[in-house]
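Reader: I am new to this structure. Please take me closely through one part of it, then show me how that part sits in the whole.

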Amino acid sequence: MKALKSISIAMAMTAAVVAGTVQASQLNITAWGGSTQAAQKKVYYDPFSEKTGVKIIEDSWSGGLGILRTRVQGGNTSWDVVQVEADEMILGCEEGLLEQLDWDKIGQKEDFIPGAAADCGIGAVVWSTGLVYDGKRLNEGPKTWADFWDLEKFPGKRTLRRGPKYTLEFALMADGVPGGQVYEVLSTTEGVERAFKKLDEIKDEIVWWSAGAQGPQLIASGEVTMGGIYISRAVSANQAEGTNFQVVWPGSVYAIDYFVILSGSKNKENATDFLAYATSADRQKDYPAYGNQGVTNIKANELIDPNVLKNLPTAPANQKDALALDPEFWVENIEKLTQRFNVWASR
Amino acid sequence: MHASSMTAPISYDDGVDLRAQLRRSQRRQQLLAFGLVAPLLLFLAINFITPIALILKNSVDDRAFSKAAPEVVAALKNWDHESPVPQEAVSALISDLVHAKGTPRLNAIASRLNQDVSGYRSLIMSTARRLTEPQPAATLDDLARISPMWEEAAPWKAIQRASGPVSSMHLLAALDLQHDVDGNIAKVPPEEAVFLTIFGRTFWISMIVTACCLLLGYPVAYLLCTATPRAASIMMLAVLIPFWTALLVRTSAWVVLLQREGVVNHFLQWIGVTEAPLELVFNRTGTYIALVHVLLPFMILPIYSLMKGVSVHTVRAAISLGSSPFTAFRRVYFPQTIPGVISGCLLVFVLSIGFYITPALIGGISDQMIGYFIAHFTTETANWPMGAALGGILLLITIMLLAGLGYLRGRSRTSR
């Protein structure tokens, strides 16, 4: 009986602790970790907490619709606001994994750059993935994706993001497909074959990264000669840690990331307030200086210092030869190509 | 029972059966003992056996699709594959998709079909995207305008296969098998086959790790037993401190040590063993090094605890009777430590076949073991039945190994 009693006391205490955490006004925000999330904390999370008294609990992830599905299906809705990629936002919306946004409370859709205002998501950042190398180690660095594939000219390992997105685009560009035709080619079975065949050439030399912070680490430690990594991380490391990462803007792929609210969030009101706050021109204008990513509010973009702008994917010079990610292509193909990629990679 | 049947029951004069009394008091003791372990049994039942049973059930349970798309399941119930797809199935599918749109049910439909035939997720999603309302009069041509794939029988057969309530699909898939178009069990095409390779890789890596642990751990255990108490306690600490350190810390430390410009490579180049840095991490070498390090205490400790009880005098006796030291070790000492060796190997092997985090952090993509794929299916793609099937097969193999080695150990004990 005593044992029973102590068990019930323990259970009551656990229940109290659980209840206690639910009651306090709070909000979980899950973003992509590292320097960009640190910048978000500085510009969005902390001032929002201060203004509203809502306690923000941070988490980080590395993308993947399956993770959102697991969270929603498993009834684990400890995540409220999540920063997701474009195809995840569209697919998640179709599957009911995301809440429909209350635009009356958030703002005017016309205030945002094209594509940033959607039913289930609001553009958080414009960001790029591209070729980066360490200027301290390579005097004469790679200039194109073909150079990235050139193991003779640039011996050593390379790093790419684990998964088909970006990887297949880069492979096709390395194989001579002009940026403007990448998605056209990739939409055919032969195009997919061509990309995987190109990847076979350097398969043994690729170290795959998953968390955004890994890319710069692998390059800086000399583990790899160059990588296709998040450009913002490289720029931030140059500013904060004195590294000399060189960014090859031509051939980089830029895309919009969205803030979304997970379906079944217990803090939907706080989440909506946060979305409105974090996408206002007044807040967004400060973000690029810390996060080294572009923003989505048109008025915020007008207020960005030219010195900061030169490192952003939204700078006209950087966008000139860059490729815009095609969310529609990835909405249609992400599942199929992820499976294909996993089988290809795990052999 | 044999002996007692020959003698009359012993009894007191008053006729009380002594044996009955004894049995009663024994039963009381047994009850008490059972009462003491009951909380543990209850704990095991709730926290260990039930979840495993639920997971195993998950690997064959196949009711999600018929719950998400009840109309088309009903409409295709009696379809015989030979005749054309019935019109009511077309309108039923459209109605199911329209109703499932914007809810997790749409994902249940798309996921289940895609698990069967890769590519059907996009078929379902793109079809649903273009549908807005139920169309009771819709024909196959209407669907074919959305995707020509609907004209074929294959997706409709897949729907029929997904109707549940149970399915062996995931268990088969975990062994690189599938049902072919006629419903027979067949191998999956080579470009899709992965899991047998990965099971093989998992066991191969585990075997190498176990062998390395034994080769490294046995002498350490012997040293621990024969060293002076002071030296032994220091050595024991050296074994135990890594054992007590968090797994993640040790694993990350290995990345730092083994990387291209890490401590190990610098040292090797400094002493002139190598000229260029060796590739020690994000490949199989790194995986072996880290796994052996992590699992070594599990080999040393059981061997040590058994060696403690083995008298060195027996070896001396053998040598004094003319045996060479090696023969004395091989024929006198080693056989006495076999139960410890088997325990150690078993522990290390079983732990390593389930290892996840160390290969995930230190291995390359082609060094991943089955644990990685179980995690991938459960947390990244929400394909829980597939994760459950892989886990179930791993469990089955592990149980068989344990039973086999348990039998071996029993034999080695009786033969001694």
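**Around A:Tyr258**

Author: Set aside the neighbours within four places in sequence, and A:Tyr258 is in contact with A:Val84, A:Ala86, A:Met89, A:Ala118, A:Gly121, A:Ile122, A:Gly123 and A:Ala124. This is a predicted model. A:Tyr258 also has a place in the largest nonpolar core, which holds 148 residues. There, A:Tyr258 and B:Leu295 touch the most other members. Which helix gives the most to this core? It is α14 of chain B, residues 284–307, with 15 residues.

Now step back to chain A. Its domain assignment gives two parts. Domain 1 covers 2–126 + 256–316, and domain 2 covers 127–254 + 320–346. The contact between them takes 19 residues from domain 1 of chain A and 18 residues from domain 2 of chain A. Look at the side of domain 1 of chain A that touches domain 2 of chain A. At least two residues each come from α2 (34–52), α4 (86–94) and β4 (121–134) of chain A. The largest share is that of α4(A), with four residues. By type, this side divides into eight nonpolar, nine polar and two charged residues. The C-alpha centres of the two domains of chain A lie 27 Å apart.

What of chain A as a whole? It has 18 helices and nine strands. Its C-alpha trace spans about 70 × 55 × 40 Å along the principal axes. Take the contacts in chain A with a separation of 6 or more: 73% of them join residues 24 or more positions apart.

Chain B meets chain A next. The contact involves 29 residues of chain B and 25 residues of chain A. On the chain B side, α5 (104–116), α6 (120–129), α10 (195–226) and α18 (370–380) each supply at least two residues. The most comes from α6(B), with five residues. The chain B side divides into nine nonpolar, 14 polar and six charged residues.

B:Lys157 lies in helix α8 of chain B, residues 154–161. Is B:Lys157 buried or partly exposed? B:Lys157 counts as partly exposed, because it has 19 C-beta neighbours inside 10 Å, and a buried residue needs 20 or more. B:Leu76 is 81 residues away from B:Lys157 along the chain, yet their C-alpha atoms are separated by 8.9 Å.

B:Pro325 lies in helix α16 of chain B, residues 325–353. B:Pro325 has 11 other C-beta atoms within 10 Å, so it is exposed. B:Pro325 and B:Val315 are ten residues apart in sequence. From C-alpha to C-alpha, the two are 8.0 Å apart.

Last comes the predictor's own confidence. The mean pLDDT of chain B is 88. In chain B, 95% of residues reach 70 or more. For the complex, the predictor gives an ipTM of 0.76 and a pTM of 0.81.

Notes: Residues are numbered from 1 along each chain as its sequence is written. Chains are lettered from A and ligands numbered from 1 in the order in which they are written. This is a predicted model: local features need pLDDT of at least 70, side-chain atom pairs count only at pLDDT 80 or more; totals for chains, interfaces and linings use all residues. Domain bounds come from an automatic or database domain assignment. Two residues are in contact if their C-beta atoms, placed from the backbone, lie within 7 Å. Ala, Val, Leu, Ile, Met, Phe, Trp, Tyr, Cys and Pro count as nonpolar, Asp, Glu, Lys and Arg as charged, and the others, Gly among them, as polar. A residue is buried if 20 or more other C-beta atoms lie within 10 Å of its own, exposed if 12 or fewer, and partly exposed in between; C-beta atoms are placed from the backbone. pLDDT is the predictor's confidence in each residue, from 0 to 100. A nonpolar core is a set of buried Ala, Val, Leu, Ile, Met, Phe, Trp, Tyr and Cys residues joined through C-beta atoms within 7 Å.
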